[in-house]
Each structure stands twice: as C-alpha cells, then as structure tokens.
Amino acid sequence: MVIAAMNEKQNRARSPRTAAIAAALCTLTASLTAHAGGFYAGVKGARAAGRGGAFTARADDLSAVALNPAGIVKLRSTTLHAGNRFSHNTHTFTRAPTLDWGNSVNGVPPYVEFDGVENATPFQPLDPILGVSTTLGLSDWAFAVVAYAPPGVARQEFPADGGQRYMMISRNAIMVHYDLTAAWRASDSFGIGLSLQTVAVPELEYSLALDGNAGSGVATNPVSSPFDMQATISGSDYFTPQAILGAWYKPAPFLEFGLSGQVIPTQIEAQSKLEIEPLGESLRQRAEALGTEIGWFRNDLPSDNDVTLTLPLPITARAGVRYIGLSGARESFDVEFDVQYESWSRVESFTLNSNGLSADLWGTRVPVDVIEVQKQWQDTISLHLGSDVVLAQDLLTLRGGAYWEAPVADPAYANVDFTSGEQLGGALGASIELGDMEIALVYDYRHQLPVEVTEAAGKVTQEVPGSLCPAPYDDPNLCAEPYLGQRSPTVNAGIYRAHTHAGSIDVLYRF
Amino acid sequence: MLRRHSRAGWLALIVTAACGGQQLGEIPEPQNVTANVSVQIPTVVELSWTTNGLARGYVEYGATPELGSVTPLPEVESQAHSATLLGLAPGTQYFFRVITWDGSAGVSAVSSVQTGALPVAGLSPSVQGAGATHFTLLPSGSNVVVFGPGGAIVWRFADAQGRAISRARFAHDGSGVLYSVAMNPPAAGSEIVFVPWNGLGPIATPIDNLVGDFDLLADGTLAALVSETRDGVVGDAIVEVRGGVPSTVWSSWSCFDPATDVGDAIIPGWSGANALDYEPPPQDTYVVGLKNLSSIAKVNRQGSCDWVLGQSGATLSFAAEATPFAHQSGFRLLGDRITVFDDEGAGTPRVVEYLINPAESTATQNWQYLAPAGVVGAAGGEPMGVSASQIAVNWGQAGQVELITQSGSQGWLLSAGAATGFGEVALDLNAL
C-alpha cells in the first residue's frame, strides 16, 4: 500500500539537514514571481488536483497546509515538496447588443452589436508550491514551512476598446501565501493542525474604462463616450494574516474523516496609485493639445494620486470522508468525497476609496470619490469526488476526480474579471515512485457553464464619476431617461464562457 | 427567451447545470412581425409586431440589407407595436428589422417587402444635380405628392372629388398630410383634409371661406386664413378650429385700415391674404402675408400686430439700400431673418432675405436670389426651409424647386412637370 510504504520511509528518515533545507526553500520560493491567485480557481498540489480536490481527509503532502493542516502529521519523514501548475485559461465575453442612447438620431438610438472579446493572456506558466515538512524528531508532531501561490488565473487582459471595457480591461494579481504549520496526532486515529499564513500581494493591478463626462452630468453613453478614460489602480499589500485549522479522524482502518477551515475574516487592503489615460476622442484631443499631466487634488489642493483598494477574502470550511480499500495491511485504493464552503458573500464590491480625490483632466475636474465595482458575491458550496488506485505497489498510482462548484455570483453581477459561474471539472493524474522520490502529474479541465445576462437584469453599471444623477437615480432632470432607477448604463450584459486546461507536476522527496 | 432559473436546493442546481448554464433576464424579442403594403398608397408599408412584455420599438429599413433609415421611437411602452415605413420608392424591394427596448435590446431577423407601383398622375418629375437629402411635399392640381431627394414620387394622394389643392402640409404628429381645398372666390364648402399616410379614411374639416393657406398648432388646432367681409369690404381673418368649431383670432382690420391701406386688388378684395405661418412657442405667433397690401404682419394670439413689414401699414422701415418686396407670396421667418418670395418687387421673381430689428423698427436687406433664366414663369412660390442655411425655393407656377443658400444655387433642381402650390420640405418623413 502506498500509505504503509510511505510511513515506513517517513519513520526511517529524520535528517538533521531539514532546517537548512527548509530555510533555503523558503528563500527560493519567496524570490519567485508567483503569478497566481485572482480569486481562487483550481486545487493546489498535483496529488490533490488529480483527485478533483477531494483531499481534505487524505491530506498527505504539503498541499495539506492549504487543505487540511492536520495532514502534515501523517508525514513521518522529512518531506520536500516542489511543484508547479501550468494552465491555459480561456475566458470570452460577448456583450449583449444595446441601444446607443448617447448617439440618438432624431430621438432614435442606434442598435449596436459588439464583437466578442477574450483574455489575451491565457497561458499562465507559474503557479508554484515549495515547502518542507519535518517532525523535528518528535513522535507525535510535524511541522512545515511552505510557500505557495493559490491556484487561480493571475492575469487577464481584454481590449481597451472591447465591449467589456467598462467592466474591466485588465487585471493582474500576484499572490503568495507564506505558511507555518504545526500538526499533532493524539493517536494513529486522530490528528489536528494549524497553519498560520500571511498573504502577500506584491502586485495588484486592476484597470477599467470610465466615462469621464462631467459636462452634462448625465450618464447616457453605454457604448462609448468622447470622455472615456482608462483608470488603472496598482498597488500592493504584503501582510494579510490568516489561519487554517484542521483535523482528521480515522475510526477504522477503512474510514477517515477530515475537517478544516480558514477561520479569520481578512481582507487585502492594497495601498495603490490611480493612473488615468484618455480613451475617448475628446479627452485625447485635449491631452494632445495641452500636453500636460493630469492634476490630482484633495480639497482643491494638489495631492498625490494615492488610493486604497479593498478586496475581502473568504472564510472557508472543508469536510471530507474517505473510504480506504485495503489489500492486507496496505492501501490499494481509496475514494473520497469532500464538501467545501466559502463565504464569498463578504465580497460586496471591489472598493476603491480615493478619500476625496479629484482629477483635473486637461481642464475638466472629475471627482473620483469612491469607485465600487459591484460584486454582491454569494457563499459557495463545492463538491469534490476523487480516488487513488494503486496499480503497482511502490511504483505507480493512478488517480482521478471530478468536482462541481456553485456560482460565486448571481448572473446579475457577472463580470469578466473572475469566472463567477457554475463550474464543472475533472482531473486525471498519476504518481510514479522512484525510490524516495515521487513524481505526481495531473491534467485538470475546468469548465464554467455559460452565463448569460440581459441588460435589464444586469447590475454592473458604468462608472461615471462626474454623474450628477443622485440615488435613487429617478430624477428625470439629472438622470438619463432610458436608465431611470439605475445609476448609469448596465455594462455587464452578455454571454460569458470560460474553461481552463491545467497541468501540474509535483516532486516529493522523502528522506 | 431567457429565463431565470429556480434555485430551490441542490436538485435545482444540478438541473441548472445540466441545462447548460445560468441565464438571467428576458430579451424583448419582436414576435409576429408582419409587413403590409398599403392598398391605397403602395409605397407605404405598415409593420406590426408584438413583445411578451411592455417595450418600445422601432424599425430599421432600407433598400439594401445594410438598412440605414429608422422609424420614430414611441415614448409609450406596449406589447402590440406598429410602425409605418415612408419615403419608399415604388416597385422596390426594401429590407427591414425590428428593434425593441425594455431595458434590454431585442432584434428581429432582417426581412424584406416589395413596394407597388404608384400612379404619377400627369406629373413627369426629374431632378438635375445632386446633394439634396430632403423630401418635398407639393400640391399639384388635385394631387398631393411627396417627391424623394432623387425626384421619385414616393407618396401621392388624389382628392376624391378632383378639386384643386392650394396648400399641403405635413401633420405635426407625423401621421400623414393635410391639404386645403378653397373656393374661388372664397365661399362655403371649402375644407381642410387630413390624409393618413396609408391613404385610408381621409378626414375633412369644413372651414367656410377658406383663402387657401393654413397651419397647424402643436395641440392639433387648425389655423386658417379665411375671407371676411365688413361693410362690403372683403378682408381676411385668421380662424382657429378646435373640434370643428372656428374662432377668429385676428382680422386684417386689426392692423390695417381699408381707408388708408388701400391695396391694389391683385387678389379680388381688399387685403388679399395669401400666406400664413404659425411660429410655435415661445413665439406663439402668426405671420400672415397680405399680397394686395404688399405687407407681412407678425400677429400675436391676442389679435394685434407685433410688427408689419411692407408697403402698407408698416411698422418696420426698409433700410435705404433695401429693395422692398411687392405682391409677395410665401415667406419664412427664422429668428430675426425673414425670407420672402417676392413676385414683383425687383422686376423678376426673387427670394430676398431681410434682417429685421423690431426694437429699431428697421429691416435691412441681407441677400437676394433672382429666379434663374431656366426657371420659366416663376411666380406664386415660397421659400421652404431645409435647414438654417438651406432653402428649397418653390418656384410655384414653374413647377420647379431649387435648392439655394444665400451664396446662390446649390445645383439641385426638381422639376415636377406641372405647376405646384404651397408645400413643405422634410429631411425625414419619420421625424416631422
């Protein structure tokens, strides 16, 4: 059985080199530009991913620090775990046709159709995990130091003139979790663990188009405005603490339960800079004619363009049950079923607070105020089913899994920045053991079922900082007649499609 | 049609997944789209369609699949919709699609319809030159005709009784055309007739003693010039007709005195009113031309004259270098500019523009355009405003319409092939 064989290796090797290696690995990992994250998609670790994420009960490699820290204590030898996930992330959007009220002819707005757009940076080559665990010679304890990028789509770029531009033009999120884990087992049938992590976001960038029309104050250009501008927020946040608690319980040799959760409500607060470039023809002409930089003001006094971008992170909970098929004393296969809960309802909006900043756009003063990209996300449940089958003891194990994830957003709040619809996926993988080394490979296909929302139902509206239309947006003198009752034109109507091909390769060395 | 899926539990979620994703909202797709060519006027196509919910909609149409023209967008939402395609050439295939809006935009497939042949009734229209984009409405004999920019007759209605028509105007609500049938001399039995675009069910409003010209107020009130006789003197009056009931708002005695403003009886009678325009609010005034007095008066709704320009009863004086008009026909008042079709003031028919200054009681000649040699027999015409700078001159009896600016001819000349009365122009029959 794989488990029995592994335990045998773990028990025999407790190297004094552990601390030095761990330190080196941490340094190496920290130096990586770990493009990953977004808001997570996928499973960390090739062995876990190969089971469709059904790993909470099993949790017997260093991906356990994210999935169930208690699993670390199952590693009875010093274990070095290095891996990477490669992915190709296709995300397309075709905006729903609309009527261009801002360019009506004799009161008749033209019917406008949009070309489909897609993520121009689909290939993500780096999504690593690197860590080491050790028992430090203690019989019932294990410790791990791990750095990993949470699985996800780190970067997306769409055309600056595409139909999606009022939702998002591009984003880039570099996230690394630095983790210290300790786990303890009371017996062979029960263990608990705690991961203390800090989420470092060395680079966070989000760009979208705004209608900077501050002249009429009426938001009525759903297709394009001569005062369109591209606003880019870029910043960083190096310390967001969080903690994951976990436990496993094995009441019988054939049955195991796992439970874990990220229990601290946290949020990324990136101190950022706001940059603006002209997109619309009028602003371009002004910029070219005046040739000056944008002026930033607070309380009518010159100011820096510093802003704060806030992104809440979820509380999570995972529970799994694993059936172990035994062949004698060794494990010949297992089947695990997991349920995962994530409290994404904490994300009501991506909030850019400018603290009263206003921009002088070549002669026109536009208040930036607070820009809120509406999210209204909802808590999610995901189901994971996976299995390992040992084909050749100590040599080859095949694994497979499938999963389903509930949509994180109501279609009314669909957006191109994250794949927020229902997702289905499946994975196939294998582990090859070569002495003390295990090489795990997996191919994972994740598919978002199409999300379609009409303009009347959509809730993501154009950002028009200079709009004079006050809530509840029903003043016919200050608000655009076609959009009475909403603050500006809906910009997220359309069809969203996304899928990801991902491959992971992890190397585990136990000594 | 999109429908929001129910989410009552796991089963619903799984069913939703199996159905292929999440869909939210309903597009107001046009349904039951039908197109009917008018039997009476086969260049008019009437479209109808329905939507599941309340929506607004319009039609895009054109002679090619690229479409290009649109019907107006109604302000009121409904589930049963209709639109009329106007300005179509006879015997031509037209393409169209329906656009709807209820907060979301819907669209039908592109379809086509064939217009029918349209009798030309003795007219032989032709156009010289290019560059015009307007439609021209003119009466000719007992017909009312709309010419397209290229000279083709795109709409024509013949008075059922074969009576002569002196003035035609577009209905302000875009629903059709009105024309006047006056007696000569003015008498009972005259009327103004409204003809819907499809030509079916014309409605006549009897107005005794019609002189010929009339105009429309925004609320649908008809204002008409009628003959009025006092103590054996045949003068003129403006009557407003609401609900078939006429009321006099002004008469030529209000601003002129037959004892001192004698006139010369070019038109039988004293004042010889021959042209009327209504200036909508904020002016809310009439401008009336009196051919026998060679004068034009701006008349307010209280029945007095704000000013009079001309050779009788004038309150404005022509500047020394100006050539006053005489026995004028139609005119156009635009702000402080009045453009006059002058039959005799310059010895040859001309269009002349004056800048008027009521505060200083002066009128300065701004420019003039003499009837070109190729326009034979020009008289009894009018300047019709195409835009602030462009004027389509109706050379009346010559049956020709010429596009000019104050710089001169723009090289576009429509020849109707017969004498024409007073009419109007419109850049878009759907946006009157």
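## Exercises on a two-chain predicted model

Between chain B and chain A there is one salt bridge (a side-chain nitrogen of Lys or Arg within 4 Å of a carboxyl oxygen of Asp or Glu). This is a predicted model: local features need pLDDT of at least 70, side-chain atom pairs count only at pLDDT 80 or more, and totals for chains, interfaces and linings use all residues. Residues are numbered from 1 along each chain as its sequence is written, chains are lettered from A and ligands numbered from 1 in the order in which they are written, and side-chain values use heavy atoms, with hydrogens and water left out.

### Exercise 1. The contact between the chains

Describe the contact between chain B and chain A, from its extent to its polar pairs.

**Solution.** 
1. Start with the residues. Chain B gives 33 and chain A gives 32; contact means heavy atoms within 4.5 Å.
2. Take the area next. About 2400 Å² is buried between chain B and chain A, and carbon and sulfur atoms give 63% of it. Buried area is the accessible area (1.4 Å probe) that two parts lose on being put together, summed over both.
3. Find the salt bridge. Arg56(B) pairs with Glu481(A), with the closest N and O atoms 3.4 Å apart.
4. Eleven residue pairs are in polar contact between chain B and chain A, both residues at pLDDT 80 or more. A polar contact is a pair of N or O atoms within 3.5 Å; within protein, one must be able to donate a hydrogen and the other to accept it, and residues adjacent in sequence count only if both atoms are side-chain atoms.

### Exercise 2. The side of chain B that touches chain A

Which elements of chain B each supply at least two residues of the side that touches chain A?

**Solution.** 
1. The elements are α1 (10–19), β1 (22–24), β3 (45–62), β6 (93–101) and β7 (105–107) of chain B. Helices (H or I, at least four residues) and strands (E, at least two) are DSSP runs, numbered from the N terminus.
2. The largest share, four residues, comes from α1(B).
3. Now look at β1(B). It pairs in the parallel sense with strand β26 (residues 437–453) of chain A, over three bridges. Two strands pair if DSSP finds at least two bridges between them.
4. Gln22(B) in β1(B) is the bridge partner of Val451(A).

### Exercise 3. A disulfide in chain A

Where does the disulfide of Cys469(A) and Cys479(A) lie, and why is it right-handed?

**Solution.** 
1. Check the distance. The sulfur atoms of Cys469(A) and Cys479(A) are 1.9 Å apart; a disulfide is a pair of cysteine sulfur atoms within 2.5 Å.
2. The torsion about the S-S bond is about 95 degrees, so the disulfide is right-handed.
3. Both cysteines lie in the loop between β26 and β27 (494–510) of chain A, so the pair ties together parts ten residues apart in sequence.

### Exercise 4. Two open sheets

**Solution.** 
1. Inside, β14 (residues 295–298) and β20 (residues 357–361) of chain A pair over four bridges. Trp296(A) has Ala359(A) as its bridge partner in β20(A).
2. β26(B) runs antiparallel to β27 (residues 337–342) of chain B, over four bridges. Phe331(B) stands opposite Val340(B).
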